[in-house]
Number of protein chains: 2
Amino acid sequence: MTAATPKGERRRQALVEAAADLLVDGGFDAVRHRAVAERAGLPLASTTYYFDSLDDLVTAALEFHGEAELAYGKVRLAELDVVACGGEAFIDLVLDLLLGPPAGERDAEAVLLRYERLVATGRRPYLRPLMRRLSGELHGLLTEIFGRAGQPVGRERVEELIALVDGAVVNALIEISPDPRAAARRMLAKAMSSR
Amino acid sequence: MTAATPKGERRRQALVEAAADLLVDGGFDAVRHRAVAERAGLPLASTTYYFDSLDDLVTAALEFHGEAELAYGKVRLAELDVVACGGEAFIDLVLDLLLGPPAGERDAEAVLLRYERLVATGRRPYLRPLMRRLSGELHGLLTEIFGRAGQPVGRERVEELIALVDGAVVNALIEISPDPRAAARRMLAKAMSSR
DNA sequence: AGTAATTTGGTACGCTCGTGCCAATCTGGT
DNA sequence: ACCAGATTGGCACGAGCGTACCAAATTACT
């Protein structure tokens, strides 16, 4: 069900944002009708009025969150300063695109959803079209960043670097005090310096 | 609670195996008291008698499954034929260690748990000690395989190759017809030929 | 054989969940 | 102002969940 009224559209959007927040805080399991309604300050039934099912709500929340990430990436791309984009700064830029802006103490948690959603797609085929689109746009963004920074790369090389970062992150998640960004940074620095 | 009787120990083990099966088939969410009891052909209460909580049961199931994987890896290591271990065959061996034996049509599903558990550890700190141990043993096994095959590698190189495979897999999970093994194979072949 | 400890398994409690229902209310077009 | 359609929100149903309980049965040990 989609809203037909401006106010209705605002309510629907509030639900999507509340669901996206829950997604970040507690993962897929945290997105429940009642939790979403409460966080949005709306009655329970509004969640079933605007979304055919919980899967619909989860999909909308994931799309909203993914688009926000891409928007952040586009901003970073637009404000890219080609001259001040040396090795260190460039690596940080790539990491910010792939993992989001550094979140300090809560970095591991902030990064987690990026991988939960990949793995979750394995058991939720209905997420595949969305995830493929988001992933494709991210690849494009990254390719453009490399080109703009004077290091043009092919599709294979981009996929290789992304895989390296992603693999480093998921393996870092099991550490006592996980610092996935640092692990990814190490891998990325080594891979980019050796070519 | 741990069993004090031989029969009790057998029952407990049956529960662990049933839970491990459910873990493979349906992921973490599928491991429920009732589902485990039913699959093991035991009454519901046996699950709470032998395990203090569901987390305990999940942990035991994951440990059982992980040990089985390591045992498989050790077998492959033991039967390694150094001469017939050329590039292609060696890559397949490494993939089998990291992803388990090829499962044909259901390969994507079989591989999935290996990554679900990494990501799940992000929100379940109680899994960290176990996952660290399993991961450490796998790294050791892989290092030994490389050495035995006449390509000794350092810790950093092993971690890099593992990250490459893992990253390739999680990114392959969102494809229409996921073939994570093929994606990992491509990455691995390229990385190992270029050095 | 007898007693104590362990194990068994049926049952129930309290809770959360997704979802359906429907009278009341609001809104936009005429 | 009026009315059809959109929206609201309180409520309840049935299912599944983790877990506790406890009398009966079994087992281990002297």
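How do the residues of the surface near DNA strand D divide into nonpolar, polar and charged? They comprise 12 nonpolar, 7 polar and 5 charged residues. Here Ala, Val, Leu, Ile, Met, Phe, Trp, Tyr, Cys and Pro count as nonpolar, Asp, Glu, Lys and Arg as charged, and the others, Gly among them, as polar.

The model is predicted: local features need pLDDT of at least 70, side-chain atom pairs count only at pLDDT 80 or more, and totals for chains, interfaces and linings use all residues. Residues are numbered from 1 along each chain as its sequence is written, while chains are lettered from A and ligands numbered from 1 in the order in which they are written.

In total, 24 residues surround DNA strand D. A residue is near a strand if its C-beta atom, placed from the backbone, lies within 6 Å of it. The closest are A:Thr5, A:Gly8, A:Pro43, A:Ala45 and B:His33. Two or more residues come from each of helix H1 (6-26) and helix H3 (44-50) of chain A, and from each of helix H1 (6-26), helix H2 (33-40) and helix H3 (44-50) of chain B. H3(A) gives the most, with 4 residues. Helices (H or I, at least four residues) are DSSP runs, numbered from the N terminus.

The two protein chains also meet each other. In chain A, 28 residues are in contact with 28 residues of chain B. Contact requires C-beta atoms, placed from the backbone, within 7 Å. Helix H6 (107-123), helix H7 (128-148) and helix H8 (155-172) of chain A each supply at least two residues of this side. H8(A) gives the most, with 10 residues. By class, the side of chain A that touches chain B has 16 nonpolar, 6 polar and 6 charged residues. The copies meet through the same surface, because 100% of the interface residues of chain A are also interface residues in chain B.

A:Asp55 lies in helix H4 (residues 54-78) of chain A. With 13 C-beta neighbours inside 10 Å, A:Asp55 counts as partly exposed. The cut-offs are 20 or more other C-beta atoms within 10 Å for buried, 12 or fewer for exposed, and in between for partly exposed.

Methods
Two residues are in contact if their C-beta atoms, placed from the backbone, lie within 7 Å.
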